[in-house]
Amino acid sequence: MRISVIIPTLNAEPYIKRLIERLKKQTVKPYEIIVVDSTSDDQTADIARTLGATVLSVDRRSFDHGGTRNYAASHATGDVFTFITQDAIPANEQYLQNMIQPFEDTDVVAAYGRQVSVADTNVLERMNKEFNYPPDPMRKSLADVKRLGIKTFFFTNVCSAIRSATFHKVGGFPSPIVVSEDMIIAAKCILAGYTVAYAADAQVYHSHNYTLKQTFTRYFDIGGSIRMNKWILEYTPAEGEGARLMKTQLSRLIKPRMWRWLPRWVAESAIKYLGYRMGLIHHALPRVIRRKCSMHPLFWDQKETTKSM
């Protein structure tokens with residue numbers, strides 16, 4: 001099974017050397033490594049080329065999470081496309097082996113791995129990672145929608161894999177899209193009757209200590225993406241899964257020495273909800289407001305240009 005590893009980058013100099021070297025030491029070797037770089041200001045592209053990666057370039061102003069990955073995939077020739085972000089580091093040399101292991105079942109067309117928090121991650125982010133990435137593997141199909149709701153479609157391009165034939169069959173990632181391209185392609189696969197796997201043994205170190213402002217912008221973008229693909233809400237409102245996460249966090253915070261995180265939990269929960277709800281009505285907001293509310297302000301310029309064409 002030939003594996004094409006695709007890595008979108010922007011000013012990834014602090015990460016790219018370590019990531020590519022870790023990928024090349026895997027027990028199952030990549031067939032090819034493709035870096036799609038958004039005109040970085042640093043030496044990302046040069047480092048990647050020196051390490052043997054194929055480097056593609058896109059204008060930073062035209063980047064979007066779906067379209068840029070589709071562009072890289074159009075140059076890939078493997079049987080499986082694996083996507084990984086520039087700041088995700090495989091936890092061991094079996095990462096790729098464990099990521100493709102679910103494909104031994106011919107019903108499985110896509111898989112995503114487990115994100116493990118790095119050492120300095122705050123309590124709430126650790127809880128978030130543990131909630132979304134439990135230690136036990138699972139498989140999800142159309143039969144699980146009633147039981148799991150929108151969680152059925154949960155998927156992450158921080159570390160994922162999809163059969164190339166299926167990728168092309170379902171039309172790749174949605175584009176343009178500001179975030180959540182991973183969830184949308186997983187939903188398309190599942191609704192087409194395929195199975196998606198959570199490969200818990202395929203682990204990467206990846207986490208962020210977002211400020212409240214960054215949290216707001218991230219959830220604004222999530223809401224915006226859901227609004228652009230509102231058909232997904234036919235299966236269940238996304239707020240239900242968010243409420244379950246809040247309850248899980250609260251139950252753990254009401255413990256000795258954890259209560260001091262309660263004010264931050266209250267603020268973060270409110271910010272997430274506000275950002276998400278504003279994202280859902282992004283179409284009613286002026287572009288200048290959308291730009292200020294988004295983690296990816298350039299996207300809204302692109303979307304406006306596309307809309308006017």
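Tutor: N11 sits in the loop between β1 (3–9) and α1 (16–24). Helices (H or I, at least four residues) and strands (E, at least two) are DSSP runs, numbered from the N terminus. This is a predicted model: local features need pLDDT of at least 70, side-chain atom pairs count only at pLDDT 80 or more, and totals for chains, interfaces and linings use all residues. Residues are numbered from 1 along each chain as its sequence is written, and side-chain values use heavy atoms, without hydrogens and water.

Student: Is N11 buried, partly exposed or exposed?

Tutor: Partly exposed, because its relative accessibility is 29%. Buried means under 20% relative accessible area, exposed over 50%, and partly exposed in between (1.4 Å probe, protein chains only).

Student: And T39, where is that?

Tutor: T39 is in the loop between β2 (32–37) and α2 (44–50). Its phi is positive too, near 40 degrees. T39 has 35% relative accessibility and counts as partly exposed.

Student: New topic. Which residues does the cis peptide bond join?

Tutor: S175 and P176, with omega about 0 degrees. P176 lies in the loop between α7 (164–169) and α8 (181–191).

Student: Why is α8 largely enclosed?

Tutor: Because nine of its eleven residues are buried. Among them are M183, I184, I185 and C189.

Student: What comes just after α8?

Tutor: G193, with a positive phi of about 100 degrees.
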